[in-house]
Amino acid sequence: MSLLLLQIFNGLSLSSILLLIAIGLAITFGLMNVMNMAHGEFIMIGAYMAYLVQKWFQSYMPASAFGWYFVVSLGVAFVVAFAIGWLLEVVLIRFMYGRPLDSLLATWGVSLALQQIARSIFGAPNVAVKAPQWLEGGWHVTADLILPYKRLFIIGLVAICILIIYLYLYHSAGGRRMRAVMQNRQMASCLGISTRRVDAQSFAFGSAMAGIAGCALSLLGPIGPTIGTYYIVDAFMVVVLGGIGKLIGTVAGALGIGVFNTALEYTTSATLGKVLVFTLIIAFLQWKPMGLVTMRSRSLD
């Protein structure tokens, strides 16, 4: 029973990490159809913000306040990634709408530039982020089952992010404008919605969510300039499997990939498990090319 519960927890933990990484990409890719290959570098930005806030707390704050640095770093990562995402959309992305291949190449170039900037500022070697004391250790469920507080915190953080995004999309004027543009851009523009402003806000918000994901990933291991490249393929995989532009589809896609990946890795090996997951996704998309959840609107009928 302890082994079964541990495998379920590992699947949920991996699913939460994949969801936190992919949710920002689901917003930008689903709304603007822009293949943002620099999404991983916004994860890197969030991770380095956690490192900088940690260093600032160690230098200028009393030792008793160090435990709060990670909470502050989440807000700093969100704001910095939001600002850089908005700037990138204004300078480059808005000229790439309707040109998917050009957007892919342009954002890939941006990702390489951001990685080099990170190397110039922080150096090529990886750096470590020390978790606060209240995240050390784990919850002793049974004598053989210990659930780490770090992963429990990430699962709770993902749940809060999903709730906030849901409330914004379905219970706010800005969310209604975003969904209108996502479903029928021309009609939304005719009704007076500034699609350009919605695009900029959505891209910046998706980048900010990637920043929060990077901040959370800093708890799980060392961070470096290429931390985002390890997750960009998984992020696109979750978005495509779940269905482009649907929040519930992204959640379902991340949950399915996380659970199946954990189960297959346990029964086979890490490499073979990853290959089998890719094979199952390809087979599923042959059956349902639009993913688990399909967006319905008159513009697509």
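About 350 Å³ of space lies in the second largest pocket of this predicted model. Among its 17 lining residues, Leu14, Ile17, Arg151, Asn261 and Glu265 sit closest to the centre. A pocket here is found on a 1 Å grid over the protein atoms alone, as an open set of points with protein on both sides within 12 Å along at least five of seven lines, and lining residues have an atom within 4 Å of a point. The volume is the space filled by probe spheres set on those points, which are joined across faces, edges and corners.

Which helices build the lining? At least two residues each come from α1, α9 (232-242), α10 and α11 (270-287), and α1 gives the largest share, with five. Helices are DSSP runs (H or I, at least four residues), numbered from the N terminus. Sorted by class, the lining has nine nonpolar, four polar and four charged residues; Ala, Val, Leu, Ile, Met, Phe, Trp, Tyr, Cys and Pro count as nonpolar, Asp, Glu, Lys and Arg as charged, and the others, Gly among them, as polar.

Now for the salt bridges (a side-chain nitrogen of Lys or Arg within 4 Å of a carboxyl oxygen of Asp or Glu). How many does the structure hold? There are two. In one of them, the side chains of Lys274 and Asp234 meet at 3.9 Å, N to O. That pair ties together distant parts of the chain, with Lys274 in helix α11 and Asp234 in helix α9, 40 residues apart. Asp234 is buried because its relative accessible area is 12%, while Lys274, at 29%, counts as partly exposed. The cut-offs are under 20% for buried and over 50% for exposed, with partly exposed in between (1.4 Å probe, protein chains only). Glu89 and Arg94 also meet through their side chains, at 3.3 Å, N to O, and Glu89 is buried at 0% relative accessibility.

Last stop, the surface: Leu4, Leu5, Ile8, Leu12, Leu255 and Val259 make a nonpolar patch of about 490 Å². Patch residues have over 30% relative accessible area and no salt bridge, and nonpolar side chains (Val, Leu, Ile, Met, Phe, Trp, Tyr) are joined within 5 Å. Areas come from the Shrake-Rupley method with a 1.4 Å probe. Helix α1 (2-32) and helix α10 (247-267) each supply at least two patch residues, with α1 giving the most, four. Val259 lies in α10 and counts as partly exposed because its relative accessibility is 39%.

A note on reading all this: residues are numbered from 1 along each chain as its sequence is written, and side-chain values use heavy atoms, leaving out hydrogens and water. Local features need pLDDT of at least 70 and side-chain atom pairs count only at pLDDT 80 or more, whereas totals for chains, interfaces and linings use all residues.

Note on methods:
Patches are made of residues with over 30% relative accessible area and no salt bridge: like charges are joined within 9 Å, nonpolar side chains (Val, Leu, Ile, Met, Phe, Trp, Tyr) within 5 Å. On a 1 Å grid over the protein atoms alone, a cavity is a set of points where a 1.4 Å probe fits but cannot get out, and a pocket is an open set with protein on both sides within 12 Å along at least five of seven lines; lining residues have an atom within 4 Å of a point.
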